[in-house]
Amino acid sequence: MEAVNLLSSNKYTEKQIGYLFISVLVNSNSDLIRLINNGIRNDLASRNPTFMNLALHCIANVGSREMAEAFASEIPSILVAGDTMDSVKQSAALCLLRLNRTSPDLVPMGDWTARVVHLLNDQHLGVVTAATSLITTLAQKSPNDFKTSISLAVARLSRIVTSASIDLQDYTYYFVAAPWLSVKLLRLLQCYPPPEDAALRSRLTECLETILNKAQEPPKSKKVQHSNAKNAVLFEAISLIIHHDSEPTLLVRACNQLGQFLQHRETNLRYLALESMCTLASSEFSHEAVKTHIETVISALKTERDVSVRQRAVDLLYAMCDRSNAKQIVAEMLRYLETADYSIREEIVLKVAILAEKYAVDYTWYVDTILNLIRIAGDYVSEEVWYRVIQIVINRDDVQGYAAKTVFEALQAPACHENLVKVGGYILGEFGNLIAGDPRSSPLVQFNLLHSKFHLCSVPTRALLLSAYIKFINLFPEVKATIQDVLRSDSQLRNADVELQQRAVEYLRLSCMASTDILATVLEEMPPFPERESSILAKLKRKKGPGHLPNIDDDRRNVNGSSEHSENTDATKTSSPSLMADLLPTNRPRPATSTPIMLSDGSMESTYPLTDLLNLNSTPSAGASLLVDVFSDSSTPASVDVSEEHFPRFVCKNNGVIYENQLLQIGLKSEYRQNLGRMYVFYGNKTSTQFLSFSSSVTSHDTLTTQLNVHAKTVDPIIEGGAQVQQILNIECVSDFTDAPVLNVQFRYGGTLQTIAVKLPVMLNKFFQPTEMTSQDFFQRWKQLGAPQQEVQKIFKAKHPMDTDVTKAKIVGFGVALLDGVDPNPANFVGAGVIHTKNTQVGCLLRLEPNAQAQMYRLTLRTSRDSVSQRLCNLLFEQF
């Protein structure tokens with residue numbers, strides 16, 4: 001109320017304090033908002049520029065919806081009034097900009113919009129700067145209303161660029177004339193296509209040429225501010241040149257200017273130059289000019305220290321690639337891949353695969369490149385990449401024999417990546433007959449080579465290899481007996497994995513019962529795949545997001561270098577087919593060689609609802625295992641053994657791995673404050689195969705649900721191979737508890753449902769608040785808690801070496817404050833803390849007395865509640 005009273009004062013200092021207080025401390029829902037609004041309205045009507053400024057600043061700082069409703073219609077009239085002071089115009093423009101950002105629906109468009117454009121002609125550059133920011137924001141939403149700003153912006157820009165810096169004394173920054181205003185005007189012009197008026201267009205071209213010329217001049221100052229201001233204007237001018245994409249000479253000059261920055265000692269400039277050149281590479285006018293810098297970019301890839309700059313260099317090589325330099329660029333990317341940072345390897349793999357396919361004049365080079373890719377970075381070769389190789393080999397008769405010969409040779413290596421085994425199994429299963437004439441690659445040699453890798457592979461790859469074996473029986477009757485022996489072995493017919501077992505049983509029966517004609521029909525060669533957008537390209541688009549991927553189609557280059565510029569993200573999603581659709585079109589019968597991974601819908605867009613127990617609305621995943629899976633799906637999590645192996649480790653710590661098997665790692669990171677906690681659960685897929693239908697929930701038994709509330713955020717239903725996803729659990733302690741909640745995880749791996757239950761380390765001591773106490777206070781409180789039921793004592797043998805520092809760390813990790821100098825015996829440990837629950841707070845004192853000779857401890861706990869004393873004692877004594 002005091003602040004509201006100060007608003008009506010006529011003294012500047014008092015009014016300023018009132019407005020300052022309101023801007024910082026008054027909630028927009030305050031009861032006083034009506035009184036405040038009256039004070040502001042009076043100041044806006046006062047025509048005193050100082051008071052008007054204070055009022056406008058307050059509206060902009062608070063920026064609430066109530067203020068927008070009250071003043072959004074008044075401020076435009078202040079802004080365009082002829083008698084308004086310059087400083088007030090500035091404030092009004094920025095105030096309107098703020099309200100337009102917070103409540104755009106409340107800012108009325110009207111007559112003032114035409115007049116606000118004319119502020120670009122204002123004598124005062126501060127007004128022009130503020131007005132340009134406002135007009136740019138408004139023009140982005142309704143470009144047609146502000147078309148007249150183009151000519152005014154060009155005229156104003158021309159005056160700034162051609163003026164001597166002394167003409168704009170107050171707005172010259174380190175010898176650069178009005179750099180911020182220049183940048184804003186250039187950005188405003190990027191809201192529109194090139195001007196249609198020839199005179200205006202030539203004037204703009206002249207401005208841009210002048211900016212490019214000034215960049216070539218020797219610097220007028222060695223200070224970094226000078227070069228930063230100069231380069232800010234230059235880069236914005238280049239952005240406009242790229243946006244217009246209509247002046248070949250300007251585009252080539254911009255490219256040459258950026259080429260000089262590629263070797264600049266300033267890392268940020270090198271980064272920006274590479275980024276701008278990526279978009280220049282997608283323009284037909286400047287693509288050739290960009291290509292002249294290929295050696296510099298390759299050298300940046302090899303010598304650059306900063307990983308983000310190296311990543312931009314990869315992007316630029318990808319963007320500048322065409323038929324003339326594809327082999328050189330792909331070779332350089334492969335060379336870089338051997339030492340590339342792990343964070344960008346997958347992206348480079350995708351780009352190499354796309355370029356190799358797009359510019360393959362000779363498909364033998366394509367096959368060699370992809371196999372090289374798998375050899376160098378097998379872990380980062382996603383399924384899309386090797387699916388695509390198979391599609392291309394199947395669709396091109398001229399490369400099938402070469403592909404079979406090459407994979408056969410590649411598989412000779414003692415250590416092969418699993419992705420290579422997949423490609424090898426598929427291609428030899430289809431086209432092994434093309435190389436079977438050579439005794440060095442006879443049918444039996446081919447089979448033995450594939451089978452030597454069998455035991456090292458994961459379940460989906462083994463399933464694929466079994467399919468390759470049955471294809472061999474059709475192609476080469478002479479190895480039939482050998483393969484039947486393998487299928488007949490116990491390790492196949494009684495395999496724990498239902499998919500492998502079923503394949504072995506069915507393939508064995510098929511090979512025994514079917515006539516050669518039926519066998520040949522069932523196992524005939526795969527028909528060609530229909531041509532469609534590459535699934536690799538779709539994946540790269542998803543990875544980069546729309547607008548980040550320079551289009552490499554020669555015949556369809558987009559202005560902004562983004563093939564997705566005009567489409568929204570959803571359109572991209574629907575247009576990129578799922579992997580299953582890509583590999584197995586629905587208009588033909590299911591091929592026998594498909595693996596469960598190929599058949600299960602691997603598309604990233606598909607999300608399986610948790611309630612869909614029978615998986616009815618997803619594609620039939622490896623149909624064979626459906627019946628078994630229905631039963632395993634309907635089993636309750638209670639039937640699964642709850643893992644408690646790592647639970648005790650978390651009594652005195654909050655972070656670490658709580659569960660791990662050969663497929664999945666679950667890590668935790670927790671933080672607690674009073675009776676609330678937050679736990680971040682990290683699920684890591686240790687395999688190279690997707691986890692599908694992934695879900696996780698937290699359950700508590702009946703009593704615990706009333707004592708502890710755990711709310712789990714939903715988690716992604718698909719975890720890619722090698723990826724990690726995070727789930728957040730919010731925890732509230734209502735009253736003291738002894739048990740712990742259970743984390744239940746379910747997912748499909750290789751067609752089989754996996755169920756895991758882990759005891760979550762949420763213990764009572766996590767809600768401790770440490771309490772510092774003096775010796776006198778401690779013993780006084782110790783005596784007060786003297787009732788028999790309030791004390792719990794345990795004498796026990798030490799399980800670990802008796803190390804003082806470790807013991808201290810464990811007591812502090814348990815959550816209490818370690819009190820030094822309280823106990824008369826310095827060898828003893830004393831601690832104090834308060835357990836916070838929603839219903840109550842429980843004070844706790846503890847004393848640990850070690851006996852080094854006997855290797856024994858005595859632990860005494862006193863709290864005001866016996867159940868708390870007992871639980872804390874049971875948790876803590878296990879740690880020593």
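Mentor: Before we start, a crossing is left-handed if the near helix is turned anticlockwise from the far one by less than a right angle, and right-handed if clockwise. This is a predicted model, where local features need pLDDT of at least 70, side-chain atom pairs count only at pLDDT 80 or more, and totals for chains, interfaces and linings use all residues. Residues are numbered from 1 along each chain as its sequence is written, and side-chain values use heavy atoms, with hydrogens and water left out.

Trainee: Great, so which way do α7 and α9 cross, left-handed or right-handed?

Mentor: The crossing of α7 and α9 is left-handed. Helix α7 spans residues 86-102 and helix α9 residues 125-141. (Helices are DSSP runs of H or I, at least four residues, and strands are runs of E, at least two, numbered from the N terminus.)

Trainee: What's the angle between those two axes?

Mentor: Roughly 25°, and the axes of α7 and α9 come within 8 Å. (Axes are lines fitted to C-alpha atoms, for helices over the stretch in contact, with angles from 0 to 180 degrees between N-to-C directions.) The pair is therefore roughly parallel (under 35 degrees; over 145 is roughly antiparallel, 65 to 115 roughly perpendicular, the rest oblique).

Trainee: And which residues of α7 meet α9?

Mentor: On the α7 side they include Ala93, Leu94, Leu96 and Leu97, along with Asp86 and Arg101. Among their partners in α9 are Val127, Ala130, Leu134, Leu138 and Lys141. Sorted by class, this contact of α7 with α9 has 9 nonpolar, 5 polar and 4 charged residues. (Ala, Val, Leu, Ile, Met, Phe, Trp, Tyr, Cys and Pro are nonpolar, Asp, Glu, Lys and Arg charged, the others, Gly among them, polar.)

Trainee: How about α19 and α21, at what angle do they pack?

Mentor: About 15°, with the axes of α19 (residues 326-337) and α21 (residues 363-377) 10 Å apart. They are therefore roughly parallel to each other, and their crossing is left-handed. Helix α19 brings Ala326, Lys327, Val330, Leu334 and Leu337 to the contact, while α21 brings Trp365, Thr369, Asn372, Leu373, Ile376 and Ala377. Here the contact of α19 with α21 divides into 8 nonpolar, 2 polar and 1 charged residues.

Trainee: What about α22 and α23, parallel or oblique?

Mentor: Oblique, therefore not in the parallel class. Helix α22 (residues 383-395) and helix α23 (residues 397-410) cross at roughly 120°, and their axes come within 6 Å. Val393, Ile394 and Asn395 of α22 meet Asp397, Val399, Gln400 and Ala403 of α23. That contact of α22 with α23 counts 4 nonpolar, 2 polar and 1 charged residues.

Trainee: Switching to backbone angles, what is the phi of alanine 178?

Mentor: Near 35°, a positive value in a residue other than glycine. Alanine 178 lies in the loop between β2 (176-177) and α11 (179-189).

Trainee: Is alanine 178 buried or exposed?

Mentor: Buried, with a relative accessible area of 3% (buried is under 20%, exposed over 50%, partly exposed in between, with a 1.4 Å probe and protein chains only). Glutamine 855 also has a positive phi, of about 55°, without being a glycine. Glutamine 855 sits in the loop between β16 (841-851) and β17 (856-863), and is partly exposed at 34% relative accessible area.

Trainee: Zooming out, how many helices and strands are in the chain?

Mentor: There are 39 helices and 17 strands. The chain has 880 residues, and 53% of them count as buried. Of its contacts (heavy atoms within 4.5 Å) with a separation of 6 or more, 68% join residues 24 or more positions apart.
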